[in-house]
2 protein chains.
Amino acid sequence: MPPKPRPAVGRSPTGVADPRGEPGGEDAIVAHLAQILGAASGPAGPGEIWIGDDAAVVGAPEGRLVLATDAAVAGVHADLSLVGLGDLGWKALTAAVSDVGAMGARPLQALVTLCAPFGTDLDALTAGMAEASARWACPVVGGDLSTADQVVVSVAVSGVLEGPSPPVTRAGASPGDLIFVTGPLGGSAAGLRLLRGGGGTGDSGAEEALVRAHRRPEARLMEGAAARRAGAEAMIDVSDGLSIDLHRMADASGVGFHLDSVPVAPGATRDEALSGGEDYELVVATTDPDALAAVYAEEGLRPPIVMGRCVADRGDRRLKGDPLPRTGWEHRLG
Amino acid sequence: MPPKPRPAVGRSPTGVADPRGEPGGEDAIVAHLAQILGAASGPAGPGEIWIGDDAAVVGAPEGRLVLATDAAVAGVHADLSLVGLGDLGWKALTAAVSDVGAMGARPLQALVTLCAPFGTDLDALTAGMAEASARWACPVVGGDLSTADQVVVSVAVSGVLEGPSPPVTRAGASPGDLIFVTGPLGGSAAGLRLLRGGGGTGDSGAEEALVRAHRRPEARLMEGAAARRAGAEAMIDVSDGLSIDLHRMADASGVGFHLDSVPVAPGATRDEALSGGEDYELVVATTDPDALAAVYAEEGLRPPIVMGRCVADRGDRRLKGDPLPRTGWEHRLG
């Protein structure tokens with residue numbers, strides 16, 4: 001008898017089984033999860049192929065293709081004793097969609113790999129992802145499933161940059177540009193603090209909003225596209241913390257910055273606003289603040305909030321005159 | 001002092017640091033890995049943006065867009081006591097590329113998420129991925145990095161289906177179609193057996209080939225494109241085992257099959273050929289075997305090997321007259 005051809009961790013030979021695969025096996029699960037995802041995103045377009053073949057086939061977009069990916073790991077990106085698997089699914093898809101939006105592009109399709117221990121409630125995880133998929137009009141067209149010791153969800157999103165305007169990178173800011181943010185910050189970190197029982201705001205409506213900001217963050221897709229239309233010079237989404245993300249934009253652009261103020265979400269602390277991360281608001285640098293305000297007003301979007309301006313000395317990075325430390329969250333792997 | 005805004009697993013505030021991020025921090029690692037990947041794939045095209053911004057921007061392909069993703073998990077897809085992290089990186093990218101090739105499409109770009117414990121040799125992992133990226137002309141244009149308890153590599157590949165011919169799905173096979181495979185099977189499983197010390201073949205050249213088939217499998221991209229050009233009806237790559245993958249093609253097409261023979265890689269067993277998986281050879285069903293042979297000959301490809309034919313009764317699935325069990329590997333998650 002030959003040895004088993006592979007490590008048996010989480011795998012088993014299927015033997016003789018019904019033609020849709022064994023219950024609990026990969027084929028049966030994929031078919032089931034595809035239903036959950038399909039209900040949220042509608043049928044594939046004519047000539048398109050979504051979940052179920054070796055690869056998905058979709059129409060190539062008119063314009064440039066934008067590609068982003070993001071991983072969400074249980075215990076790192078989400079504490080599953082405080083939030084649900086559905087929240088993890090929502091966040092994984094939303095974070096990748098936000099990256100596409102931060103170039104001024106529109107997301108089109110998502111691919112998902114789900115790695116999880118035996119017995120994980122994949123329905124809940126997928127339902128949260130399906131909600132985000134519907135919210136951002138970004139159907140999940142394919143994916144892969146694997147056993148793992150820990151829940152790891154990886155989402156890749158393809159999007160389109162329509163029209164001739166360049167993408168809004170991190171690298172375009174110039175001295176003198178005004179720096180805006182699309183909304184107040186620190187809500188996600190404050191929501192996590194509340195979930196941990198670390199203190200309340202005394203206002204249950206505000207608390208609910210903070211917890212929601214942590215569990216179901218929003219991607220600023222309209223705002224990103226509007227900033228590009230308004231000729232913004234540089235843009236980044238606040239995923240790891242305003243401070244570190246602003247430093248990244250300044251690094252890429254070769255500028256410094258002077259911030260006068262940072263908008264703090266009601267109930268959040270200044271530290272949470274500066275280095276909490278996962279707010280997914282967009283930081284935008286522009287030479288033409290009037291155009292930015294005008295396009296946002298036209299679109300009925302919340303007016304962008306000015307925080308300060310870019311300066312020529314790239315080593316000069318301040319908030320209210322004091323050096324702004326590069327705080328935020330970096331994965332440390334070595 | 002506010003509570004830490006996130007679970008601290010594998011994360012740390014970066015504090016005041018140099019503008020490229022702290023050594024060992026995410027920004028520094030990404031910059032370093034981008035160099036390893038860039039050396040293998042050359043510079044981005046004009047107007048393109050690869051690793052380093054929120055998302056990558058590339059030209060949209062002429063034709064339909066093909067999207068596939070695959071996860072490789074340490075301990076599940078690779079036993080790291082037997083193979084290297086570079087092999088895991090190679091395999092993750094190759095498996096996703098193979099899925100694109102199995103539609104008859106050409107891979108264009110890859111996105112990668114690397115999730116790994118602190119101290120993982122990401123250089124080795126990335127070097128293997130860079131080799132595969134160069135081999136399949138599929139640059140890694142973006143990615144994401146996270147800490148995790150276990151190495152999980154997820155690769156998403158975008159590709160193009162050029163010209164008007166339809167993609168070759170799993171679903172197009174008809175009764176009477178001949179079934180081919182692009183090469184002998186079981187090499188990967190036999191290579192793993194050898195690595196485990198479960199027995200040798202008595203021929204070191206053959207042993208080396210088997211071990212290589214396990215560690216560095218090849219994607220049959222030319223063969224997939226040639227099958228599409230030759231008007232093949234259905235196609236699937238052998239990732240989980242010939243038997244289960246053939247059943248999947250037959251399920252999707254609504255047919256049965258009678259196999260007369262299965263080509264076994266030298267030194268592999270018949271069981272390894274039937275249910276070992278990870279060979280990434282392509283199974284092709286066609287009504288026009290002469291066209292298939294002619295196109296393969298034109299391209300200088302190894303002639304496809306006939307295994308049998310499709311039959312009308314979808315429940316009738318045989319090898320040499322005996323029912324063929326649905327053996328192979330499915331991830332079991334519930």
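**View 1. Strands from the two chains pair across the contact.** Strand β3 (residues 64-73) of chain A and strand β2 (residues 56-58) of chain B run antiparallel, joined by three bridges. Strands count as paired if DSSP finds at least two bridges between them. Strands here are DSSP runs (E, at least two residues), and helices are runs of H or I with at least four residues; both are numbered from the N terminus. Which residue of β2(B) is the bridge partner of A:Val66? B:Val57 takes that place. This is a predicted model: local features need pLDDT of at least 70, and side-chain atom pairs count only at pLDDT 80 or more, while totals for chains, interfaces and linings use all residues. Residues are numbered from 1 along each chain as its sequence is written, and chains are lettered from A and ligands numbered from 1 in the order in which they are written.

**View 2. Chain A touches chain B.** Chain A brings 102 residues to the contact, and chain B brings 102 residues. Two residues are in contact if their C-beta atoms, placed from the backbone, lie within 7 Å. On the side of chain B that touches chain A, strand β3 (residues 64-73) of chain B gives the most, with nine residues. 100% of the interface residues of chain B are also interface residues in chain A, so the copies meet through the same surface.

**View 3. A rotation relates the copies.** Turning by 180 degrees, with 0.0 Å of shift along the axis, superposes chain B on chain A (RMSD 0.0 Å). That is the relation of a two-fold axis.

**View 4. Chain A has two domains.** Domain 1 covers 26-161 and domain 2 covers 178-323. These bounds come from an automatic or database domain assignment. The domain centres, taken over C-alpha atoms, are 26 Å apart. Their contact takes 15 residues from domain 1 of chain A and 18 residues from domain 2 of chain A. Helix α2 (residues 85-101) of chain A gives the most to the domain 1 side, with nine residues.

**View 5. Strand β8 of chain A has buried residues pointing both ways.** A:Ala234 and A:Ile236 point one way from β8 (residues 234-237), and A:Met235 and A:Asp237 point the other way. All are buried, with 20 or more other C-beta atoms within 10 Å of their own, C-beta atoms being placed from the backbone. Four bridges pair β8(A) with strand β10 (residues 282-286) of chain A in the antiparallel sense. A:Asp237 stands opposite A:Leu282 in β10(A).

Terms used. A residue is buried if 20 or more other C-beta atoms lie within 10 Å of its own, exposed if 12 or fewer, and partly exposed in between; C-beta atoms are placed from the backbone. Copies are superposed by least squares on the C-alpha atoms of residues with pLDDT of at least 70 in both.
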